[in-house]
Amino acid sequence: MNQTNKPPIQIRKKSHAWTAWFIIIAGAGLLILLMAFSITKGAAEIPLSSVWDALFRFDEKNTQHLIIVDLRLPRVIASALVGAAFAVAGAIMQGVTRNPMADSGLMGLNAGAGFALSICFAFFPDLVYMQIILFSFLGAAFGAALVGGIASLRRGGATPIRLVLAGAAVSALLAALSQGIALYFGVAQDMMFWTAGGVAGSNWEQIRIMAPWILGALLGAIAIARSVSLLSLGEDVAKGLGLNTTVGSVLCFLIVLILAGASVSVVGAVGFVGLIIPHLARYFVGVDYRWVIPSSAVLGALLMVLADLGARTLNPPFETPIGALIGLVGVPFFLYLVHKQRMAL
């Protein structure tokens, strides 16, 4: 490790600590307000005062209190956790691989976790949720290994464009296999929710199990943020600054697997959160991942809660797939990044 506990001077010069603190504090406050507002919206309109009463003076005979506590509160909490997880996973992947288009959805992790879920539903229908999460971790690792392996086959190694192309091919393959398994074994109805993506089915049992994983991984991401900053400068530079790049990369990979796997097990393969948010965070706070990672967590949670609110209110009483809503922003942003990469070549 570096003798000082600070990132290199070129990273510190491009960082905006005060902006980062503003995003983290103001964003957290805005997130709480948005979550409270989101709870009031849905098929049944509920006044904000009822939300307060349900949280602090819960009456089990009050229908509105039951809707708030049993249905809407778990889904907004799940939205915030999953949004933060996808965003931080994307930030770490972009930093470690130095690939601005890295995202758990584009790099095969989400599709791998979805493939593992289809196997769970088809062959192990009696698994408890904790075991399903572990399968998601393995599936995400499988998807990432396939993408990395295929992208590295050609001379020159895994360039950003090759990783994205390999990720698209592997994601399409795993999605097709997942759908084939779902149709052949008659579990397509069970898989529909994870294919479309959404937090409508979130419940307290899922949150009780996934929250420690996601919160622990987010804290781990903040703890290794300095290593991500050094790795973003390149492996040789990171080694020169005293970082054990092998240990650093493995830790980053494990944290990304936990964040992506746990998130997909709840909401399905929702893409583009991990692509958009880290770019937005770096635009505001610079390239120091000590600020990029916590800022991404807050902004990712905001985006996902906002998308869930839109999913419930755009076409009531029907739900719009949350993945489709985020895709409306994510696809143009992805095309912009591809164009930017081509111009840089």
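Partly exposed residues have a relative accessible area between the buried limit of 20% and the exposed limit of 50%. The legends below describe close-up views of a predicted model.

**View 1. Aromatic pairs in the model.** The count comes to nine aromatic pairs. One of them joins F124 and F135. The two ring centres lie 5.7 Å apart. The planes make an angle of 40°, and the pair is tilted. F124 sits in the loop between α5 (109–123) and α6 (129–151), while F135 belongs to helix α6, so the contact ties together parts eleven residues apart in sequence.

**View 2. Accessibility of F124 and F135.** F124 has a relative accessibility of 40%, so F124 counts as partly exposed. F135 has a relative accessible area of 26% and is partly exposed.

**View 3. The pair of F137 and W213.** Ring centres of F137 and W213 are 5.1 Å apart. Their planes meet at 65°, so this pair is edge-to-face; the cut-off for that class is over 60 degrees. F137 lies in helix α6 and W213 in helix α9 (residues 204–223). The pair links distant parts of the chain, 76 residues apart.

View 4. F137 has a relative accessible area of 11%. That value is under the 20% limit, so F137 is buried.

**View 5. A cluster of rings.** F123, Y184 and F185 form a cluster. Ring pairs link these residues.

Note on methods: Residues numbered from 1 in each chain as written. Predicted model: local features only at pLDDT ≥ 70, side-chain atom pairs only at ≥ 80, totals over all residues. Heavy atoms only, no water. Phe/Tyr/Trp six-rings, centres within 6.5 Å; stacked < 30°, edge-to-face > 60°. Helix = DSSP H or I, 4+ residues; strand = E, 2+ residues; numbered from the N terminus. Buried < 20%, exposed > 50% of the residue type's maximum accessible area, 1.4 Å probe, protein only.
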